[in-house]
There are 2 protein chains.
Amino acid sequence: MHHRRSEAAFSSSKIHDMGSLELRSADSSPPRCEFKPLDPEEFRNQAHRMVDFIADYYKGIETYPVLSQVQPDYLRTCLPKTAPYLPESLENILTDVTEKIIPGMTHWLSPNFFAFFPATVSTAAFVGEMLCTSFNSVGFNWLASPAATELEMIVMDWLANMLKLPNSFMFSGTGGGVIQNTSSEAILVTLVAARDRMLHSCGAASIQKLVVYCSDQTHSTFTKAAKLAGISPHNVRSITTNLDTDFALSPVLVRSVVEADVMAGLVPFYLCATVGTTSTTAIDPLEQIADVATDYGLWMHVDAAYGGSACICPEFRHYLDGIERVDSLSLSPHKWLLSYLDCCCLWVKKPSSLMKALSTDPEYLRNKASESASVVDYKDWQVGTGRKFKSLRLWLVMRSYGVANLQSHIRSDVRMAKMFEGLVKSDPRFEIVVPRWFALVCFRLNPFSWASPGYTELLNRKLLEWVNSTGRVYMTHTIVGGMYVLRFAVGTTLTTEHHVAAAWKLIKEGADAILKGIRNC
Amino acid sequence: MHHRRSEAAFSSSKIHDMGSLELRSADSSPPRCEFKPLDPEEFRNQAHRMVDFIADYYKGIETYPVLSQVQPDYLRTCLPKTAPYLPESLENILTDVTEKIIPGMTHWLSPNFFAFFPATVSTAAFVGEMLCTSFNSVGFNWLASPAATELEMIVMDWLANMLKLPNSFMFSGTGGGVIQNTSSEAILVTLVAARDRMLHSCGAASIQKLVVYCSDQTHSTFTKAAKLAGISPHNVRSITTNLDTDFALSPVLVRSVVEADVMAGLVPFYLCATVGTTSTTAIDPLEQIADVATDYGLWMHVDAAYGGSACICPEFRHYLDGIERVDSLSLSPHKWLLSYLDCCCLWVKKPSSLMKALSTDPEYLRNKASESASVVDYKDWQVGTGRKFKSLRLWLVMRSYGVANLQSHIRSDVRMAKMFEGLVKSDPRFEIVVPRWFALVCFRLNPFSWASPGYTELLNRKLLEWVNSTGRVYMTHTIVGGMYVLRFAVGTTLTTEHHVAAAWKLIKEGADAILKGIRNC
């Protein structure tokens, strides 16, 4: 079902139509048409056209190389140096998208994308985002769009419920949640709240003494957020993990590092644990780490950007055991809850800590509702002031699919990852490097008992390059405990068992080719 | 043109259809259908449905009260306490949007919205955003989606060209630009870059001595960003402005404040000037302030969030005179360049300063292109790691409309603001408070020569409340130099002269009613 209509039919509002037939027919100086950037009928037509373009892109997505094969600076030569003075038609632009943009894209939605963590999507989230965009409501405070604030509060409580979070994280209890763009912001705002709480009690001069804790597996954004918040890079303790704990934080080690800092006259104040690290989906033991955090008065944050979503399934919920003892938790539905970018949910036990650190009160935003303190003004929960009607996307996802389908979606990804794990195990040339907890399989080619670590790494680097250069599959690597590891992350929305099986076949082919190459040397 | 299709026709992928007619006809245990969150044809249908919903909303937008009239917590009672276990249809959800969400919205797109600054939109930006959403490409580095990075570089150069920025801000020259979500982030990342540059030369221990400068008219997010960056709140110099300079910064005063800090042993390092302040669109004199910044080695940032867009017209460009002497500039096309939220463009002269402060290098993101340093990795220009294909929206706007239409759009808003200014001046009971530079008119009711300032303020508060409570117009206020002022910001995409005239008529009615009320007391 296509909805194309000739461009000319709805372009009468534009300057470039001064020469069009209808206007030319009026002989003497045609009235200069007004520029109407949002004519509802033109909007309808062009948006329908775009829907078809996108649906067709989705339909044909497997025809593109997953990982773009272009060279740096490819696009500059394809496009003009300056913006056009006169309008161009949507059809022309879409032709450029097809011919110039798409070839330079790495297709994150491709079912053959197994890199990083997948960023999952869905029809419901897409239409939710359309609605969010269309309203363009700037809900910095309650009054600026009450529904935007209130729906976000409701949706955050809904998701908290799905995760069986304690009441202390819900608006219906004593806490509350907010949608941030990314985990980086969630970590930054909680860091700043914790920092200011600590500086309030020990004096502003202590800022150089403040220390934060994470593991060497914590997302790199943590160190960056600490730096943004003015914490000395020397005071970011990235605690070593190893294969013995499957790269999870050791509570004993955390305690000893914190103790050493206290002895040295420093001021520990924030600890970030992770449920599902980026490299290997390691899971830090929350309960035992919370003991340390409690003993030393640290703000404890849990970054569950990827792994947290799985906890809507009862069989995974135990990874959040101990969550009632932490100060804040973030997870990103744009990773595993079908939500498109950006969507990171942050819950805090004490919204007042965030507000103390982040509130502003300019005259031009003052209003009775805010002054009555009976409403939430989300600008005081985030980095910026303006914010979109962010909750619509998540609300559409939850309602359109229901908890049942969201759980089955998580389970299906995990099932496919298990299948891949089985395939890897069936080939003696390969090995699984760390246990698979969710839908990421960390493995490597390790066919020679005599090989040095460096040689094994080289083999795997070659294999990865071989696989990715085919354009048929995209996966990535990491290094943990000095080991170069291949990461196979299952779960783009369109991935099925068939894609996983085909990817494995390709990886085996790559291994064959590389090992044959070696024998021939 | 509507594209509805019965829900049942494309819902076979969902659990809730197990009981639907087609499936019931199969007698013995129907096959359990797989959950497919992104079936291209279901996507097509539902997205078409949403396009029509939105187009209809735009068509009928004048039928809603501009400012929502709901009471706090209105929504909680209208929606279930938890997410549904089973799916619901899009039609049900849209019914809720109409009946429960829309009544609680303040309609930013209404042509009768004259509050804050308008957040302008357009068909081109909408379809651009659809495209951006649909790709869901996470372009943290070049390789993760080369086209996303390269188009952003091109678009930033295009806009720099439209603004006649010097080469030192362009990729084609020696600088470069990046799309941030909001001005808050643009300010935060430049603050951190400047902070680290200064700490590098004077030692990390100096963080408590660092001082930043702005005016009492600078957006509140500046103080917040400074706080986020670990600058002591005592070291944020909010320099007083007054009516004599139309609330613009006085370079003489700036110099004396900076000098006093230096004398006191403090370390001045960052100055934020504004082109178009939030309260009154005051314009700080960039050239003369740059003299001070140069003399004291301050990083000078120009926040032109609102006013900057106007500078694509030659007749406004002089407000950016001196821009070649500053370190960074931000402006938000989501305000005045028809772009929907969020879109803030930031240009910097030395991208290396940003990168030094913000780069991360985790193993799992390493790749040859990044290591060759031949590409831009935008994660090192921003707060977070992940980022969308942000430039598509702006690219669609520039190409679909051309510079000609964008200029005419700015001029049309300014013309309407002038018209409103004329109407205000024609009524002796009212006065214009500060000069109108762009499309914001700052005025007040001031009918009595004998009235105290407090009494005049009361009259204007009453008038504002009267006007806004009608739901027919929404405008806001500010206080500058102790004066309570009404702000009439012209320029939502749908506003025409007719709406401006009607708003003025309503304001006059309000004044009549309030003054009559007084006479009757």
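Residues are numbered from 1 along each chain as its sequence is written, and chains are lettered from A in the order in which they are written. In this predicted model local features need pLDDT of at least 70, side-chain atom pairs count only at pLDDT 80 or more, totals for chains, interfaces and linings use all residues, and side-chain values use heavy atoms, with hydrogens and water left out.

Q: In what order do the seven strands of the open sheet in chain B lie?
A: Strands here are DSSP runs of E with at least two residues, and helices are runs of H or I with at least four, numbered from the N terminus. Two strands pair if DSSP finds at least two bridges between them. The pairing in this sheet is mixed, and the order is 1-7-6-5-4-2-3.

Q: Which strands of chain B stand at the edges of the sheet?
A: An edge strand here has a single partner strand, so one side of it is left without a neighbour in the sheet. In chain B these are strand 1 (176-180) and strand 3 (236-239).

Q: Which residue is the bridge partner of Cys214(B) in strand 3 of chain B?
A: Strand 2 (residues 210-215) and strand 3 of chain B pair in the parallel sense over four bridges. In strand 3, the partner of Cys214(B) is Ser238(B).

Q: At about what angle does helix 9 of chain B run to strand 5 of chain B?
A: Axes are lines fitted to C-alpha atoms, for helices over the stretch in contact (heavy atoms within 4.5 Å). Angles run from 0 to 180 degrees between N-to-C directions. Helix 9 (residues 286-296) of chain B lies across strand 4 (267-274) and strand 5 (299-303), and its angle to strand 5 is about 155°.

Q: Is Ser330(A) buried or exposed?
A: Buried means under 20% relative accessible area, exposed over 50%, and partly exposed in between (1.4 Å probe, protein chains only). Ser330(A) is in strand 6 (residues 328-331) of chain A. At 0% relative accessibility, Ser330(A) counts as buried.

Q: Which side chain does a polar contact of 2.9 Å join to that of Ser330(A)?
A: A polar contact is a pair of N or O atoms within 3.5 Å; within protein, one must be able to donate a hydrogen and the other to accept it, and residues adjacent in sequence count only if both atoms are side-chain atoms. For Ser330(A), the side chain joined at 2.9 Å is that of His301(A).

Q: What is the relative accessibility of Leu253(B)?
A: Leu253(B) is found in helix 8 (residues 251-263) of chain B. Leu253(B) counts as partly exposed, with a value of 34%.
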